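Hi everyone, thanks for making time for this.

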Amino acid sequence: MTRSQPRRARGTVGHAYSALNLRLALAAFGLVTMTLFAVLAFRAHVVWLGVVCALFALVAVVDLVVVQRRRAARHREQPGARHSLFE
């Protein structure tokens, strides 16, 4: 069972542990920029930098999946609730 917040987190239902929408936006930005930097690094034949950027892009993808699952769980717990970017 996926919850919108991890167990033993300091947040409550009224006051979330992390701003999921903001985290989603930042992870998407990180994915786009790291993918772009990885492509540019590989084209410039700087393989080690391309690998590092590709690994960071992979971390951003994992974070996107985790955040989206938590947002879906929050939606199931509070159907019809609207959340701003910082909630």
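Let's start with the record: the unreviewed UniProt entry annotates residues 20-40 and 46-67 as "transmembrane region". UniProt positions here follow the numbering used in this talk, feature names are shortened, and such annotations may be inferred rather than shown by experiment. A word on the model: it is predicted, so local features need pLDDT of at least 70 and side-chain atom pairs count only at pLDDT 80 or more, while totals for chains, interfaces and linings use all residues. Residues are numbered from 1 along each chain as its sequence is written, and side-chain values use heavy atoms, with hydrogens and water left out.

How do those two annotated stretches look in the model? Residues 20-40 are 100% helix and 0% strand, with the end C-alpha atoms 30 Å apart. Residues 46-67 come out at 95% helix and 0% strand, and there the end C-alpha atoms are 32 Å apart. Helices are DSSP runs of H or I with at least four residues, strands are runs of E with at least two, and both are numbered from the N terminus.

Now to the inside. Which residues make up the largest nonpolar core? There are five: Leu20, Leu24, Ala27, Leu64 and Val67. By nonpolar core I mean buried Ala, Val, Leu, Ile, Met, Phe, Trp, Tyr and Cys residues joined through side-chain atoms within 4.5 Å.

Take Val67, in helix α2. Val67 counts as buried because its relative accessibility is 0%; buried is under 20% relative accessible area, exposed over 50%, and partly exposed in between, using a 1.4 Å probe and protein chains only. Leaving aside residues up to four places away in sequence, Val67 touches Leu20, Arg23 and Leu24, where contact means heavy atoms within 4.5 Å. Val67 and Leu24 sit 43 residues apart in sequence, yet their C-alpha atoms are 6.2 Å apart in space.

Last stop, the loop between α1 and α2, where we find His45. Is His45 buried or exposed? His45 is exposed, because its relative accessible area is 68%. Its backbone is worth a look too: His45 has a positive phi of about 65° although it is not a glycine. For context, most residues other than glycine have a negative phi.

That's my tour, so over to you!
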